[in-house]
Amino acid sequence: MRPFSLFEFFERMERWVAQLGRGGLALLVRLMTITIILLALAWLGYLFWIGQARLNTEFLFGFNSVVARKAGVYPALMGSLWLLLMVFLLSFPPGLAIAVHLERGRTNRRIKHLISLNLSNLAGIPSVVYGLAGLEIFARQLNLGVCLMSAALTLALMALPTVIITCREAIRRVPAELEDGAVALGATPLQALWFQTLPTALPGILSGVMLSISRVVGEAAPLLVLGAVAFVPYAPSSVWDYFTLLPVQIFYWSNQSQPDFAPNAAAAVVILLGITLIFHLFALWIRNRWKERIHL
Amino acid sequence: MDPQPLERTNPPLGEKISVSEVNAWYGAQQVLFDLSMGIRTCAVTAIIGPSGCGKTTLLRLMNRLNDRVPGARMTGLIRMDGRDINGPDVHVAELRKRVGMVFQKPNPFPGSIFDNVTFGLKIRGMVMRSFLNERVERTLRQVHLWDEVKDKLKSSALNLSGGQQQRLCLARALAVEPTVLLMDEPASSLDPINTARIEELILQLRAQHTIVIVTHNMQQAGRTSDVTAFLHKGRLIELADTATFFTNPKSPSTQDYITGRFRL
Ligand SMILES: Nc1ncnc2c1ncn2[C@@H]1O[C@H](COP(=O)(O)OP(=O)(O)OP(=O)(O)O)[C@@H](O)[C@H]1O
Ligand SMILES: [Mg+2]
């Protein structure tokens, strides 16, 4: 008997899979994919169907009300949009700076390793815990109270570990020879980083950052803990204002005992999904435009 | 801002760079041993030797690029125009502005062809459009790339072929008019015609530049260089005028190497 050979094993496997692929397997995979997409579409359609009565401008621009038919989503919508922007501004610059420092800074390697370990741990902490920390640190200790700013700070803190991790990965994917080339022409390390490495890494950085931020802004739990309630009679006009936001509003409406609120919840979910979708398409667009320019 | 004609600070036979008793390490592995050699002003010095003997490392010490490699260190003295390049009063970026480098593996920037050539100029504050245009055309003509890319200067450099990228990287280094030019196998992915053109260019550049070229091609070293150095396992085995080096080498291992009978 011939000895077992892994090379031969793989070759046989591949031939076998190829044979299957010509017949059943490919069909199976395709069926599964189609099923999943159909399920997602069906769910979306179901939401549309339930919420259709409320998917109008009145709902979009209306304020909250105890009467389900009259209640609108405007304060929550504005609250979510504000948060999206604020969390981006609060987590991206420091996140990128920390990532750059960890990749290029002169800190001791062991300390960097320790920080990286902690970052992955921090990224895994449940969001409720961030809510509690935000309540204690920002709302109470820093005396900001329950306002957009403390919510944004809490969510930014929550997004920060993932933002740092994705930025680091994007920077690390840029070959070191590129910076060497710039430095050899007389660029300072910062110039090389800023003019060559970061633009090259930018698509990866942006899409990663946008994903983690839109993820975080879709969370209801930490802000419920922080003290956000659904019934806010006005849209925020400054970062110190009290606020509500879509996930909290959805949570609140879907918890009502009256069935009239179900369409409201469904319609709000459709709007939240819409925002997320637009955000992701935007990230994709930036990424593709950049790709065209730098061909990576 | 017309390019200033370069003054010869040293007489042609003087030493632009002097390397004395240099040892170099990556981590615990020593790769250069007690290496001393002079690089003659406005001449071409070829460095040959088997793979892994430390040629690239030696080049990277001359523009202090190995400062950037974690764990890399050196002892000994490298002087340029008489000044210790590792001295406390030397501004590294300024040093590298005068010592250009072409890397063994082409490493064009991901931007456009135009941006590649002008990057070095821009960091020197030269941003006038007409000047940049003129310089881009001149250097791309020098490396015989102009005809191939003149209609697509705005397209990405990464779409060029390996040989085109190599010439682009040479143009990028030439655009800033360094006094010293370190070339690590600058013709490794060029066809015979372009190789011949680049060799001709090297001979022209010699009038104003001090050039160090690493090559695995004996004929190329013979054709282009004034001085040839043979490195083996991190040690300088032989250094001589190119004519003498190839016709009458002193060391038996040099003789074996250039005749292809070399055993590691
Ligand atoms: N960044 C690095 N880290 C660790 N070791 C390195 C590094 N760069 C080079 N070395 C080692 O240093 C030695 C010399 O390498 P170097 O690149 O200088 O050789 P070379 O003469 O340029 O070879 P080649 O002709 O293949 O380009 C080799 O043994 C190599 O393994
Ligand atoms: Mg090399």
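This is a short walk through the surroundings of two ligands in a predicted model.

Let's start with ligand 1. The shell around ligand 1 holds 13 residues, and those that come nearest are Ser51(B), Lys55(B), Thr56(B), Thr57(B) and Gln104(B). By type, the residues of this shell divide into eight polar, four nonpolar and one charged.

Next, look at some individual contacts made by oxygen atoms of the ligand. The side chain of Lys55(B) places an N or O atom 2.7 Å from an oxygen atom of ligand 1. For Gly54(B), a backbone N or O atom lies 3.0 Å from a ligand oxygen, while for Gln29(B) a side-chain N or O atom is 3.3 Å from an oxygen of ligand 1. On its own, ligand 1 has 630 Å² of accessible area, and the protein covers 65% of that. Two elements of chain B give two or more residues to the shell around ligand 1, namely β2 (29-40) and α1 (55-62). The most comes from α1(B), with three residues.

Now move on to the metal. The magnesium ion, ligand 2, is coordinated by OG1 of Thr56(B) and OE1 of Gln104(B), at 1.9 to 2.3 Å. Thr56(B) sits in helix α1 of chain B, whereas Gln104(B) belongs to the loop between β6 (99-102) and α3 (113-122) of chain B, so the pair ties together parts that are 48 residues apart in sequence.

How accessible are these two residues? Thr56(B) has a relative accessibility of 27%, so Thr56(B) counts as partly exposed. Gln104(B) is also partly exposed, at a relative accessible area of 37%.

Conventions
Residues are numbered from 1 along each chain as its sequence is written. Chains are lettered from A and ligands numbered from 1 in the order in which they are written. This is a predicted model: local features need pLDDT of at least 70, side-chain atom pairs count only at pLDDT 80 or more; totals for chains, interfaces and linings use all residues. Side-chain values use heavy atoms; hydrogens and water are left out. A residue is near a molecule or strand if one of its heavy atoms lies within 4 Å of it. A polar contact is a pair of N or O atoms within 3.5 Å; within protein, one must be able to donate a hydrogen and the other to accept it, and residues adjacent in sequence count only if both atoms are side-chain atoms. Accessible areas come from the Shrake-Rupley method with a 1.4 Å probe; for residues, only the protein chains shown count as cover. Helices (H or I, at least four residues) and strands (E, at least two) are DSSP runs, numbered from the N terminus. Ala, Val, Leu, Ile, Met, Phe, Trp, Tyr, Cys and Pro count as nonpolar, Asp, Glu, Lys and Arg as charged, and the others, Gly among them, as polar. Donors are N, O and S atoms within 2.8 Å of the metal (3.2 Å for Na, K and Ca); water is not among the atoms, so sites may look incomplete. Buried means under 20% relative accessible area, exposed over 50%, partly exposed in between (1.4 Å probe, protein chains only).
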